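Try each task before reading its solution.

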Amino acid sequence: MENCVSINLRRNQIVIKIAEDSEQWRIVKALTKKLPELKKLYKDDKTPIKIIGKVLKNKEIDEIQELIKDNIDVDVEFDMPKSLGLSSITRTFKQEIAVSDTKFHKGSLRSGQKIETEGSLVVLGDVNSGAEIIASDNIVVLGSLRGLAHAGAKGNEKAIIAAGNLDAVQIRIANILREIDRDEEPMHRQAYVYVDSGKIVIE
């Protein structure tokens, strides 16, 4: 079952494909064996790694990411469904969200990157762990939100956060903070986040 993990070098990234019917312990075992091969692909270049195939649980993602990062200093991205979906977009507009100036950011944010903007922010990509996005109004992430998002940063409790996948450890609207326990809660697909009665609600 070592074939449960395959590595392919593409122009701008290394793609690791995980077979959909693989068990986690087999994935870890196969990946550990392939790490020397993976290391050889790295010289001075820090080509990002994208992991595709099987849809993984949060604990599985953490274990695989830690295994790679312990051996190679590289950004690891897990490819998940990117679309917010019509139902989430419709629900967003039904909430009568105030319209504001909107900044669009094309591409994903890596760890250490930060965007701060007046008005609303739309990210056409992922916000990875260690990245930070702050807006005085609404935040929409079309990909996965794993980093820190702070909407309504100047006290606007009517601001919302929407994401194709919500996989962050904490989110903030105005001065209200919500911690998300990755072990307790599953990844929120097509998440819609707002404040109700002084608390952050995730749908």
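**Exercise 1.** Find the strand that holds leucine 142, and decide whether this residue is buried, partly exposed or exposed.

*Solution.* Start with the location: in this predicted model, Leu142 sits in strand S9. Next, take its relative accessible area, which is 31%. Buried would require under 20% and exposed over 50%, so Leu142, at 31%, counts as partly exposed.

**Exercise 2.** Which residues touch the most other members of the largest nonpolar core?

*Solution.* This core has 27 residues, and the ones to pick out are Ile133, Leu145, Ile161, Leu166 and Ile171. Then see where the core comes from: strands S7, S8, S9, S10, S11, S12, S14 and S15 each supply at least two of its residues. Now zoom in on Ile133; leaving aside residues up to four places away in sequence, its contacts include Leu109, Leu121, Val141, Leu145 and His150. Another core, of 24 residues, lies apart from this one, with Ile16, Ile27, Ile49 and Ile51 among its members.

**Exercise 3.** Compare the reach of helix H2 with the expected span, then list its buried residues and what they pack against.

*Solution.* Helix H2 covers residues 58-71, and its 14 residues reach 20 Å from first C-alpha to last, close to the expected 20 Å. Its buried residues are Asn58, Glu60, Ile61, Ile64, Leu67 and Ile68. These pack against helix H1 and strands S2, S3 and S4.

Conventions: Residues numbered from 1 in each chain as written. Predicted model: local features only at pLDDT ≥ 70, side-chain atom pairs only at ≥ 80, totals over all residues. Heavy atoms only, no water. Helix = DSSP H or I, 4+ residues; strand = E, 2+ residues; numbered from the N terminus. Expected span 1.5 Å × (residues − 1). Buried < 20%, exposed > 50% of the residue type's maximum accessible area, 1.4 Å probe, protein only. Contact = heavy atoms within 4.5 Å. Core = buried A, V, L, I, M, F, W, Y, C linked by side-chain atoms within 4.5 Å.
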